[in-house]
Amino acid sequence: MRFPHSLYLFSLLNISACFTACETKTQEKGITEVSPKPNIILIFADDMGYGDLGVYGATAWKTPNLDQLAADGILFTQFYVPHAVCSASRAALLTGTYANRLEIFGALDHTAKHGLNPEETTIAEMLKANGYATGMVGKWHLGHQAPFLPTEQGFDSYYGLPYSNDMWQHHPEAKDYYPPLPLYRNTDVIDTLDDQSMLTTHYTDEAIKFIEKSKNEPFFLYFAHSMPHVPLFVSDKFKGKSGQGLYGDVMMEIDWSVGQVRSKIEELGLSDNTIIIFTSDNGPWLSYGDHAGLTGGLKEGKGTSWDGGIREPGIFVWPDHFPAGKVEEQAAMTIDILPTLAEITGSKLPELPIDGRSILPILEGKEMAPKAYFAYYNTNELQAVIYGQWKLVLPHSYRSIPEETIMRDDGIPVKYHMLNLEKAALFDLRNDPNETTDVSTSNPEVLAKLNQFANEARADMGDALTKSEGTGLRKAGRVE
């Protein structure tokens, strides 16, 4: 089976549609008038699993607004992040560049003296230079020091947390390590949180305020939810409503939030000229048991380069421009979002080299030649290569939960153990999405091609596993 069986029904909704360029002919004047640039809303969940939405196979809870979003646009079945961890994944998303190239690894905490280098160009900076109002709501996690905050990286306004919502004094395994959790407005800490039950609601309110404020100009909203990352909190509006525990309630509230944003866009008459993208930073944190999401049957989860850690929901909507109801099997990655938006809006690409490519042809309903994508973890370990339906998993150690483990339902994680992949393995993801059968022997040419891609990446960005030093690395920003 290529994707959850619910998608077979979903695919029947596939409606052929053509991309229409953002210009109209004015016959009377004999000139071309450029219509307003599209608004862009990028919604980024945290630790959401590939199988957490109804259209990706979830049945335990309902996600009607996200399911409708998918029905109105393109749903990717092979949409990836390059890093299965918070900060690295966000750096890649916002710069179109592998985070290991930028010296951003792992998940930065309150002790970090580094962050995303201000010399890098974010999506916000790119669009701001093209006349966009830019706002961010939610989790930043690319450096909490003053030079690295969102308002220094292209955003006109910011409301949210500087890092993960578990980096607080109530962490179940590090109670004396973290300070109180700060909530920022722009560059100021306006509160410290002891209760996060209203966080998703407040984020949603702030997102709607930004949309209302920016309705008369092209805008870019980066809405980065703190959940369903642990610790899970939900407002009274959804507490107990899913009947499937706290995680189900949280998913319902995130789905509600998406519905609120879409309703505001419709109310303001902006739907036809607004691009909405929905995805997540990495897969579910499986050690948290019932407080973690679903991989949809994919192998492993967050913190690994198996597909359960790096394959995410990927939904793209732009009415009358992107096909509606399209199930897309071509592979793509979050590093492609920046160059795609650059092409759509006519914005100038960053001066420093990026790693993503525009996938506008795919969004137009066309075929593109496959691109080699790479999955990195830890400190610059090249762990996997993805090329269309093929995936080469390279020798490395990874965390897993022992089969005999009794999982918990109280928000306390169980312990991982480490496994070693001693020999590289090739998988045909179209026919084996769970990565169970090594097909290296029967596909020597494919194996050779992906190994070549790996060697090229090592020469460019290095690889700690093979002790390779890359020539294309850049530095993070640092403070004393």
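1. Ground rules. In this predicted model, local features need pLDDT of at least 70 and side-chain atom pairs count only at pLDDT 80 or more, while totals for chains, interfaces and linings use all residues. Residues are numbered from 1 along each chain as its sequence is written, and side-chain values use heavy atoms, with hydrogens and water left out.

2. Strand β6. Strands (E, at least two residues) and helices (H or I, at least four) are DSSP runs, numbered from the N terminus. Strand β6 covers residues 133–138. Six of its six residues are buried, so β6 is largely enclosed by the rest of the structure. Buried means under 20% relative accessible area, exposed over 50%, and partly exposed in between (1.4 Å probe, protein chains only).

3. Partners of β6. Strands pair if DSSP finds at least two bridges between them. β6 pairs in the parallel sense with β10 (residues 219–224) over six bridges. It also pairs in the parallel sense with β7 (residues 157–160), over three bridges. M136 stands opposite Y222 in β10, and its bridge partner in β7 is Y158.

4. Cores. A nonpolar core is a set of buried Ala, Val, Leu, Ile, Met, Phe, Trp, Tyr and Cys residues joined through side-chain atoms within 4.5 Å. The largest has 83 residues, and F220 and Y222 touch the most other members. Leaving aside residues up to four places away in sequence, the contacts of Y222 (heavy atoms within 4.5 Å) include L42, F44, M136 and F155. A second, separate core of 56 residues includes A207, F219, L221 and I315.

5. Second largest pocket. A pocket is an open set of points on a 1 Å grid over the protein atoms alone, where a 1.4 Å probe fits, with protein on both sides within 12 Å along at least five of seven lines; lining residues have an atom within 4 Å of a point. Of the 16 residues that line the second largest pocket, the closest to its centre are S157, Y158, E206, F210 and K213. The elements giving two or more residues to this lining are β6, β7 and α5 (199–213).

6. Backbone. Most residues other than glycine have a negative phi, and most peptide bonds are trans. A cis peptide bond joins M227 and P228, with omega about 15°. Another joins V230 and P231, with omega about 0°. N380 has a positive phi near 65°. N380 is buried, with a relative accessible area of 11%.
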